[in-house]
Amino acid sequence: MKRALCMIVFALLAMQSVALAVRPDEMLSDPALEARAREIGQSLRCLVCQNQSIDDSDADLAHDLRLIVRQRLMIGDSDEGVRRYIVARYGDYVLLKPPFKPETYALWLGPLALLIAASLGIFFFYRKQKT
Amino acid sequence: MMRRVLFMLPIVIFTALVAFCAWRLILIARGDTPDLIPSVITDHPAPAFDLPSLLADQTGLKTSDLKGHVTLINFFASWCVPCRAEHPLLIGLKGKGAVLAGMAYKTKPDEAKAWLTEMGDPYDVIATDYDGRTAIDFGVYGVPETYLIDKKGIIRFKQTGPLTSEVIRDRLLPMIGELNQ
């Protein structure tokens with residue numbers, strides 16, 4: 001019984017999403033635009049609390065950036081256009097998901113290279129032991 | 001022979017790792033902390049802006065005002081503690097070959113004026129960036145931040161966080177001298 005209760009509590013905790021810092025007065029009246037703003041906001045890093053997205057951060061700068069995202073959407077900018085607008089000011093660092101380009105090849109391909117190297121190492125190690 | 005090389009490999013990797021960590025730690029001690037975001041605006045023209053003046057007897061500041069002389073733009077705020085530490089150094093930069101432009105970031109004009117009365121006013125011109133919009137166009141993510149701009153209006157150097165006497169001596173003053181030639 002106790003165990004079941006615990007499981008329910010943890011299941012509920014897991015389902016709960018992180019509280020957003022987006023204030024009601026920031027939100028756009030158009031739900032479709034607001035949904036796009038949320039998606040963009042969650043992909044942008046807050047420059048002040050650097051492991052939070054601008055949607056999660058209570059920092060003043062995050063608030064300002066959320067407003068800019070919404071302003072850009074209101075004048076008809078695309079999602080990619082809005083991201084480019086912010087990246088032009090703060091660089092790729094502001095993107096929580098780093099782009100795939102020569103500077104980040106090591107980041108994206110490094111784990112794969114390590115996996116291949118380790119697999120080869122293990123393969124040759126065991127083949128040698130058998131003989 | 002092959003076995004011996006393999007045997008040494010972990011030690012070599014470990015030594016390389018320690019060397020890398022030591023190198024990063026030295027850089028961090030010198031101020032290159034991981035939260036320092038590399039500037040993307042350096043070597044690009046200053047963004048378009050046109051801000052009102054803080055003081056009634058001065059004109060404001062706009063992008064075209066940056067042409068023709070070396071400018072040092074300093075974003076500061078009356079509520080910013082590191083700005084207090086930096087301020088005496090700015091006063092020391094007066095008349096050293098750059099027009100000193102202050103940007104009162106998210107600071108009420110009265111509070112900015114009171115702060116300058118208390119701390120001294122090093123600036124040749126002071127603009128108010130009350131909503132912080134121009135600061136975002138510059139890529140400011142915390143005050144103080146300082147930008148060195150050449151005669152053509154191109155940003156040549158950015159200091160994130162307060163200026164230090166080392167940065168002024170080793171980087172800023174030599175660059176100002178160079179840009180004035």
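How many Å separate the centres of domain 1 and domain 2 of chain B, taken over C-alpha atoms? The answer is 40 Å.

**Before you start**

This is a predicted model, in which local features need pLDDT of at least 70, side-chain atom pairs count only at pLDDT 80 or more, and totals for chains, interfaces and linings use all residues. Residues are numbered from 1 along each chain as its sequence is written, while chains are lettered from A and ligands numbered from 1 in the order in which they are written.

The model scores ipTM 0.82 and pTM 0.82.

**Stop 1: chain B, by confidence**

Chain B averages 92, and 100% of its residues score at least 70. Now pick out helices and strands. These are DSSP runs numbered from the N terminus: helices are H or I with at least four residues, strands are E with at least two. Among the elements of chain B, helix H1 (residues 2-29) has the lowest mean pLDDT, 91. Strand E3 (residues 71-76) of chain B has the highest, 97.

**Stop 2: the domains**

Domain bounds here come from an automatic or database domain assignment. In chain B, select 1-36 for domain 1 and 50-179 for domain 2. In chain A, select 2-98 for domain 1 and 100-131 for domain 2. The centres of the two chain A domains, taken over C-alpha atoms, are 36 Å apart.

**Stop 3: two loops of chain B**

Select B:Asp43. This residue sits in the loop between H1 and strand E1 (50-51) of chain B. B:Asp43 is not a glycine, yet its phi is positive, about 70°.

Next, select B:Val143 and B:Pro144. The peptide bond from B:Val143 to B:Pro144 is cis, with omega near -5°. B:Pro144 lies in the loop between helix H4 (133-138) and strand E6 (145-149) of chain B.

**Stop 4**

Two packed helices are described by the angle between their axes and the distance between the axes. Axes are lines fitted to C-alpha atoms, for helices over the stretch in contact, and angles run from 0 to 180 degrees between N-to-C directions.

Select helix H2 (residues 31-43) of chain A together with H3(A). They pack at about 135°, with axes 10 Å apart. That angle makes H2(A) oblique to H3(A). (Under 35 degrees counts as roughly parallel, over 145 as roughly antiparallel, 65 to 115 as roughly perpendicular and the rest as oblique.)

Show the contact residues; contact means C-beta atoms, placed from the backbone, within 7 Å. H2(A) brings A:Leu33, A:Arg36, A:Ala37, A:Ile40 and A:Gly41. H3(A) brings A:Arg66, A:Val69, A:Arg70 and A:Leu73. By class, this contact has 5 nonpolar, 1 polar and 3 charged residues. (Ala, Val, Leu, Ile, Met, Phe, Trp, Tyr, Cys and Pro count as nonpolar, Asp, Glu, Lys and Arg as charged, and the others, Gly among them, as polar.)

**Stop 5: H3 against H4 in chain A**

On H3(A), select A:Leu65, A:Val69, A:Arg72 and A:Leu73. On H4(A), select A:Gly81, A:Val82, A:Tyr85 and A:Ile86. The contact residues divide into 6 nonpolar, 1 polar and 1 charged.

**Last stop: where the chains meet**

Show both chains. Their contact takes 10 residues from chain B and 10 residues from chain A. The chain B side has 5 nonpolar, 3 polar and 2 charged residues.

Terms used: pLDDT = per-residue confidence, 0-100. Contact = placed C-beta atoms within 7 Å.
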